[in-house]
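Please consult the sequence and the structure below alongside the text.

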Amino acid sequence: MKKILFRKLLLDCLIFFLISLISTSIIIWIFQAVNFLDIIVEDGRDYLVYINYSLLNFPKIISKIFPFALFFSFTYVLTKYE
């Protein structure tokens, strides 16, 4: 990895991967957090339960999106360079 081209390619893939992973994870997390509002409304739970459910769901979302974001970032950057 001493060549500048490989460093640039790795940096571009990493930046696009992180941006796509975080942005899609936040979007899905917001949709699922809105679905968890039923816990508060129907079951009469405390808002701390809602926050715990929402926050503990975020790592699961990231682990599910990780392979897709990785594949999408590499294909996007390689086609952009082509």
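A residue is called buried under 20% relative accessible area, exposed over 50% and partly exposed in between, with a 1.4 Å probe and protein chains only. The model is predicted: local features need pLDDT of at least 70, side-chain atom pairs count only at pLDDT 80 or more, and totals for chains, interfaces and linings use all residues. Residues are numbered from 1 along each chain as its sequence is written, and side-chain values use heavy atoms, with hydrogens and water left out.

- Leaving aside residues up to four places away in sequence, Phe 17 is in contact (heavy atoms within 4.5 Å) with Phe 66, Ala 69, Leu 70 and Ser 73.

**Aromatic pairs**

- The whole structure contains six aromatic pairs, meaning rings of Phe, Tyr and Trp (its six-membered ring) with centres within 6.5 Å; planes under 30 degrees apart count as stacked, over 60 as edge-to-face and the rest as tilted.
- Phe 16 and Tyr 76 are stacked because their ring centres lie 4.5 Å apart and their planes are at 20°.
- This pair joins Phe 16 in helix α1 to Tyr 76 in helix α3, 60 residues apart.
- Phe 16, Phe 72 and Tyr 76 belong to one aromatic cluster.

**Accessibility of the stacked pair**

- Phe 16 is partly exposed, at 23% relative accessibility.
- Tyr 76 is also partly exposed, with a relative accessible area of 37%.

Technical notes:
Helix = DSSP H or I, 4+ residues; strand = E, 2+ residues; numbered from the N terminus.
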